[in-house]
Every structure is written in structure tokens, then in C-alpha cells.
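Hi,

Here is the structure for you to look through. Please open it first, then read my notes below.

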Amino acid sequence: MLKPKKFKIARRLGPAVYEQAQTERFALSEARKKKAAPKDKHRKNISAFNVALKEKQRVRFHYGISERQFARYVKESMAKKGNPVALLFARLEQRLDNVVYRIGLAPTHRAARQMVSHGHIAIAGKRMRVPSHQVSEGTVFSVREGSQTSKLFSKEGDEKTSTATMPNWISLDEKKKEWKIVGIPSLELLQPGFNLNAVIEFYSR
């Protein structure tokens, strides 16, 4: 269940920001409030700047990244050769905490970040405690041997992982219980409703 602060953020920026807000209960609550809210006939047009600002906040909150770190990701993507939108998306998706979330080991980005911070994930057999660590093609990771008996990785958790929709740039070796990065995240996988072009425009001002 969303805490009051996150609930307000989800109401302002949309349910896609937090996994817990993507529920029927949240949608019904929003529908009731919109229906009861008085219509503002004098509502001003939202400026392009405010649209871009809101989009930047939506993406940042979704991945759970600080403003300073997010700005660095954007500026580095803009400085490289290639499509800055595609480069930014790949940078965000290839964070270790996001990868742990994508494969279904954790129910939310926050839980995935804690899982990595507590040392439950190993890369090439070595414990990794940095959620922002960037995985690259060829990276092999797994649940740390000493953590495999934890309740976090119970049989029920294994079943949940096996039924999760595996991104096409990650492969699972069920026998070894290892995952491998086999490609680069493409923009086709961008979550519906997120506009990274607006984010790039915001930081280009």
C-alpha cells in the first residue's frame, strides 16, 4: 500500500510512477475524486516547460533515482554519439536494481534496490552492493549463495521469477540459476506513457 507522500506523488504524476499505484483500487479512487472535483473553467494552458518537468519527475520517481544522478545520466547520454533517448533508456534499464526488478526477483524498484544494497546479488560470483551498478552485455549475475536460503528467495519466489516476463535482453540459465545480459534494452520496451524525448528537451534548455 502506498504511503501518503507517495500516494500524492502518484496522483500528481500518474500511477506508472509506482508499482503499488497500478491497481484497480487506486484507479477507482482516482475516478471518484475526479468526478467529485469541481471543474475549473479558468484553468490555464500547461506550458511546455511544465509538461517536460512533470515527465522528468515521473521517470525519475519510477526508477527511484536522485535528481543529481538522473541529471548526470541525461547529460552523459546527450554527450555521446547516437540517439540520446535510446542511450538514456538503456542507461536506466541497465542499473542492477532495475534488472533485479525486471526479472521478477523483487516486486518493486524499492525492494530491488534494498535487495542489492543488502548484498543478496552477486556478479560473476562476487557480492555487489551498489544498486546503480551498470550491467553490460555479457554480465552474469545470480542470487548470492549465502542468500539463497533467505525467505526472499523461497520456493514461492522462484515460481514467481519463473513466470515473470523476461526482457529479451536478459537470459536465464535455470540449471545454474544464473542470469546473463545478452543484449541492449531497446526503446520498443519503454513503458507506455513515458516520454523520454520531453526529458531530453527539459535538460537541453
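**What I found**

Start with M128. Leaving aside neighbours within four places in sequence, M128 is in contact with L96, V116, G119, I121, A122, I123 and H133. Keep in mind that this is a predicted model. M128 lies in strand 2, residues 126-128. Is M128 buried or exposed? Its relative accessibility is 18%, and the cut-off for buried is under 20%, so M128 counts as buried. Now look along the chain to R144. M128 and R144 are 16 residues apart in sequence, and their C-alpha atoms are separated by 9.1 Å.

Next, take I123, one of the contacts of M128. I123 is found in strand 1, which covers residues 121-123. I123 has a relative accessible area of 15%, so this residue is buried too. Which residues does I123 touch, apart from those within four places in sequence? They are L96, M128, H133, T139, V140 and F141. L96 and H133 are also on the contact list of M128. The C-alpha atoms of I123 and V135 are separated by 9.1 Å, with the two residues twelve places apart along the chain.

V140 leads us to strand 5. V140 stands opposite K180 in strand 5. Strand 3 (residues 140-143) and strand 5 run antiparallel, and three bridges join them. Strand 4 (residues 170-173) also runs antiparallel to strand 5, with four bridges between them. Here L172 stands opposite W179. Strands 4 and 5 form a hairpin with four residues between the strands. In that hairpin, K177 takes a positive phi near 55 degrees.

Where do the side chains of strand 5 (residues 178-181) point? They alternate. W179 and I181 point to one face and are buried.

Last, the helices. Helix 4 (residues 67-79) and helix 9 (residues 196-204) have axes that come within 10 Å and cross at roughly 95 degrees. An angle of 65 to 115 degrees counts as roughly perpendicular, so helix 4 is roughly perpendicular to helix 9. On helix 4, the contact is made by E67, F70, A71, V74 and M78. On helix 9, it is made by V199, I200, Y203 and S204. By class, this contact has seven nonpolar residues, one polar and one charged.

Best wishes

Notes. Residues are numbered from 1 along each chain as its sequence is written. This is a predicted model: local features need pLDDT of at least 70, side-chain atom pairs count only at pLDDT 80 or more; totals for chains, interfaces and linings use all residues. Side-chain values use heavy atoms; hydrogens and water are left out. Helices (H or I, at least four residues) and strands (E, at least two) are DSSP runs, numbered from the N terminus. Buried means under 20% relative accessible area, exposed over 50%, partly exposed in between (1.4 Å probe, protein chains only). Contact means heavy atoms within 4.5 Å. Axes are lines fitted to C-alpha atoms, for helices over the stretch in contact, and angles run from 0 to 180 degrees between N-to-C directions. Angles under 35 degrees count as roughly parallel, over 145 as roughly antiparallel, 65 to 115 as roughly perpendicular and the rest as oblique. Ala, Val, Leu, Ile, Met, Phe, Trp, Tyr, Cys and Pro count as nonpolar, Asp, Glu, Lys and Arg as charged, and the others, Gly among them, as polar. Two strands pair if DSSP finds at least two bridges between them.
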